[in-house]
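Me: I am new to this structure and would like to learn how to read some of its backbone features. Could we go through them one at a time?

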Amino acid sequence: ATAVSGGYAEIALECNAAPNGGMLLLDHTHGAALTSNFTLTAVGWTDDPEDMPLKYSLFTTSNTSNSSDSSSKSITSIMTSSLLPHHTVRLPMSPAPDHHLEIVLEVEDAVGAVAVHRGCALESLDANTQNVECRVTVMPPATTTDGVLDVLEGA
């Protein structure tokens with residue numbers, strides 16, 4: 001047997017990168033649970049052509065207690081794995097006392113790499129300076145007769 005005194009090996013691995021470069025636009029930040037329409041639009045997301053198409057999922061998170069502990073957060077799916085980047089949704093009521101929900105966007109490529117995005121901008125403002133935590137206030141729906149009629153009429 002011949003003794004080998006040295007050697008060299010090299011492996012080059014190419015990893016799939018998650019989609020990037022985009023943001024989430026929101027048309028407004030206040031509304032009533034299950035009656036107000038919120039329009040959410042994912043814009044500017046890119047990836048390698050072979051990793052297309054992209055799929056978009058939206059979630060809300062909220063504190064389930066007065067604690068800032070992340071284990072006390074509730075997560076609710078709004079929409080999952082849609083090929084459309086633009087959605088108008090009605091959100092659930094957020095917990096008292098502040099009635100805040102955080103909206104989270106996940107963008108997934110065809111190979112399974114996922115980007116999680118927690119910022120957003122209002123459509124009416126300069127998107128370059130307003131990419132901040134995406135927090136909306138969703139109050140209880142109106143309890144008056146007018147509020148009920150609006151829901152029934154699809155307002």
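Reply: Let us begin with a term: a residue is called buried when its relative accessible area is under 20%, exposed when over 50%, and partly exposed in between, using a 1.4 Å probe and protein chains only. The model is predicted, so local features need pLDDT of at least 70, side-chain atom pairs count only at pLDDT 80 or more, and totals for chains, interfaces and linings use all residues.

Me: Is His99 buried or exposed?

Reply: With a relative accessible area of 11%, His99 is buried. His99 also has a positive phi, near 60 degrees, in a residue other than glycine, and its place is in the loop between strand 6 and strand 7. Strands here are DSSP runs of E with at least two residues, and they are numbered from the N terminus.

Me: Where is Leu34 found, and what is its phi?

Reply: Leu34 is found in the loop between strand 2 (30-32) and strand 3, and although Leu34 is not a glycine, its phi is positive, at about 65 degrees. Leu34 counts as exposed, because its relative accessibility is 55%.

Me: What is omega for the peptide bond from Ala96 to Pro97?

Reply: For that bond, from Ala96 to Pro97, omega is near 5 degrees, and the bond is cis; Pro97 is found in the loop between strand 6 (86-90) and strand 7 (100-108).

Key: Residues numbered from 1 in each chain as written. Heavy atoms only, no water. Helix = DSSP H or I, 4+ residues; strand = E, 2+ residues; numbered from the N terminus.
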